[in-house]
Amino acid sequence: MCGIAGHCTLASNQKANFNIVEKMTSALGHRGPDDDGFFQSKYVTLGHKRLSIIGLEDGKQPIFNNDGTICVVFNGCIYNYPELKIELEKKGYLFKTNTDTEVLVHMYQEYGIAFIKRLNGMFSFALYDQAKDRVLIARDRFGVKPLYYQIKNNQIIFASEIKALKQSHIFDSQIDYEALGIFLSTYYIPEPWTSFKNIKRLQS
């Protein structure tokens, strides 16, 4: 189990806040006691808390493609990564680590966003393409790994737990009474709702 967090701005007069992402990532410490890592650009900051399972020696995140233009922070496991890795190596991609995470940046580079359909596993991740200035956040189709987000004032925050989002300066604590009403009748809040009005759970 790992944890990811991020802050992105959508306006040219705003910058991504490293300190906020550092606080959000720290709040996920129980999810990844082995290591942490960060990526920062003008409009995007990503954070990662790591529990080392695969690639114990070389799996520090974020992980980048070979020219450093695509990076990813990842939580989960890609079951079919050995097959995908072989496929990519045949196409000429060079791998610097023994992790399943590195497959993501090369799959995206080769197939674009459609690569997600090729993944077999349980996961959530945030990938940043610097050349296209594109941030992609995604979860596995069964929704095993959580990912929550909020969009406010031309800014996006996201994290593996709502607890981490609370560390952000734009966190909105308004209660969603409709969602709570559903919970009281079903003992479950369906996606994309949460108990907070403006905090959503990324749909799988």
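Biologist: Is Y187 buried or exposed?

Modeller: A residue is called buried when its relative accessible area is under 20%, exposed when that area is over 50%, and partly exposed in between, with a 1.4 Å probe and protein chains only. Y187 has a relative accessible area of 66%, and so it is exposed. Please keep in mind that this is a predicted model, in which local features need pLDDT of at least 70 and side-chain atom pairs count only at pLDDT 80 or more, while totals for chains, interfaces and linings use all residues. Residues are numbered from 1 along each chain as its sequence is written, and side-chain values use heavy atoms, with hydrogens and water left out.

Biologist: Where is Y187 found?

Modeller: Helices (H or I, at least four residues) and strands (E, at least two) are DSSP runs, numbered from the N terminus. Y187 belongs to the loop between α5 (177-186) and β10 (200-201), and P192 is found in that loop between α5 and β10 as well.

Biologist: In what order do the strands of the open sheet come?

Modeller: Two strands pair if DSSP finds at least two bridges between them. Here 6 strands form an open sheet in the order β2-β3-β1-β9-β8-β10, with antiparallel pairing. Its edge strands are β2 (35-40) and β10, each of which pairs on one side only. Over 6 bridges, β2 pairs in the antiparallel sense with β3 (residues 44-50), and D35 has R50 in β3 as its bridge partner.

Biologist: Which residues is P62 in contact with, beyond its neighbours within four places in sequence?

Modeller: Contact means heavy atoms within 4.5 Å. Leaving those neighbours aside, P62 is in contact with G37, F38, F39, C71, V72 and V73. P62 lies in the loop between β3 and β4 (63-64), and because its relative accessibility is 11%, P62 counts as buried.

Biologist: What kind of peptide bond joins Q61 and P62?

Modeller: Most peptide bonds are trans, and most residues other than glycine have a negative phi. The bond that joins Q61 and P62 is cis, with omega about 5°, and the peptide bond from E191 to P192 is also cis, with omega near 5°.

Biologist: What is the phi of N153, and what is the phi of N154?

Modeller: Phi is near 50° for N153, a positive value in a residue other than glycine, and near 60° for N154, again a positive value in a residue other than glycine. With a relative accessible area of 52%, N153 is exposed, whereas N154, at 46% relative accessibility, counts as partly exposed.
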